[in-house]
Amino acid sequence: MGNTRQRSMGQRAGTRDLFSRGFRQKGVIGLSTYMRIFKVGERVDIVANPAQHKGMPFRFYHGRTGVVWNITKRAVGVEVNKLHRQRQIKKRIHVRLEHVRKSNCDAQHLRRCAENDAKKKALKEAGEPIDLKALKRQPEGPRPLMVVKPKKGIETLTPLPYVFRAKNNTENRGDVKYNPKKDIPVMPGPVTTLS
């Protein structure tokens with residue numbers, strides 16, 4: 001009869017929440033999904049859309065970022081790095097258009113490249129030498145020096161010294177002499193004020 005207690009591990013095992021759409025996101029896929037243009041060498045994010053079962057990637061590739069290496073009629077070939085033990089394997093998979101979106105992982109890098117090119121062009125037209133160090137990102141230094149001035153004077157507080165006091169039932173004890181009228185000695189502490 002076989003092992004009746006075996007947990008099934010199919011292609012979509014453990015994807016109850018992974019391959020489910022969010023609140024008010026279910027339904028027919030919008031037409032703008034099919035109007036996107038992908039180019040070879042572009043970075044894309046693989047996000048499975050459960051509304052389209054065809055061309056769905058395996059659950060490992062959900063949420064991964066890869067590079068487009070092939071474009072077909074209804075799908076996109078994506079190259080993804082897969083970490084296996086001590087090596088990285090470049091996996092090439094074909095994913096349908098519904099499960100791919102453009103990635104913003106290199107948007108900041110491309111923006112910086114465009115800014116640097118504009119700076120180089122301006123310096124070249126002005127006839128000035130190009131300083132490559134000025135084009136590189138510089139680490140943010142420490143915050144500037146500032147002096148905090150209080151509105152009132154500064155008062156330094158010091159703790160009172162610990163003084164052992166016996167309870168009031170000291171009549172039966174002759175070794176403890178307790179004087180309730182005696183005040184606690186105040187420890188002289190540094191009290192400074194700013195004018």
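Asn49 is buried at a relative accessible area of 10%; buried means under 20%, exposed over 50% and partly exposed in between, with a 1.4 Å probe and protein chains only. The model is predicted: local features need pLDDT of at least 70, side-chain atom pairs count only at pLDDT 80 or more, and totals for chains, interfaces and linings use all residues. Residues are numbered from 1 along each chain as its sequence is written, and side-chain values use heavy atoms, with hydrogens and water left out. Five strands form an open sheet in the order 4-3-2-1-5, with antiparallel pairing.

**Surroundings of Asn49**

- Asn49 lies in the loop between strand 1 and strand 2; helices (H or I, at least four residues) and strands (E, at least two) are DSSP runs numbered from the N terminus.
- Beyond its neighbours within four places in sequence, Asn49 contacts Arg21, Ile29, Met56, Glu98 and His99, where contact means heavy atoms within 4.5 Å.
- One of these contacts, Glu98, is also buried, at 6% relative accessibility.

- The order of the open five-strand sheet is 4-3-2-1-5, and two strands pair if DSSP finds at least two bridges between them.
- Strand 4 (87-96) and strand 5 (100-102) are the edge strands, each pairing on one side only.
- Neighbouring strands of this sheet are turned by 45 degrees against each other on average, direction ignored; axes are lines fitted to C-alpha atoms, for helices over the stretch in contact, and angles run from 0 to 180 degrees between N-to-C directions.
- Strand 1 (residues 43-46) and strand 2 (residues 64-71) run antiparallel and are joined by four bridges.
- Ile46 has Arg64 of strand 2 as its bridge partner, and Asp45 stands opposite Thr65 in strand 2.
- Strand 2 and strand 3 (residues 75-84) also run antiparallel, with four bridges joining them.
- These two strands form a hairpin with three residues between them, and Ile71 has Val76 in strand 3 as its bridge partner.
- In a regular strand, side chains alternate between the two faces of the sheet.

**The helix**

- Helix 1 (residues 107-126) has 20 residues and spans 29 Å from its first C-alpha to its last, close to the 28 Å expected at 1.5 Å a residue; the expected span is 1.5 Å times one less than the number of residues.

**Salt bridges**

- The whole structure holds five salt bridges, each defined as a side-chain nitrogen of Lys or Arg within 4 Å of a carboxyl oxygen of Asp or Glu.
- One of them joins Glu42 and Lys102 at 3.6 Å, N to O.
- This pair links distant parts of the chain, with Glu42 in the segment before strand 1 and Lys102 in strand 5, 60 residues apart.
- Glu42 is partly exposed at 23% relative accessible area, and Lys102 is partly exposed at 40%.
- Another joins Arg92 and Glu79, whose closest N and O atoms are 3.0 Å apart.
- Here Arg92 is in strand 4 and Glu79 in strand 3, 13 residues apart.
- Arg92 counts as exposed at 51% relative accessibility, whereas Glu79 counts as partly exposed at 22%.
- A further salt bridge brings together the side chains of Glu98 and Arg96 at 3.2 Å, N to O.
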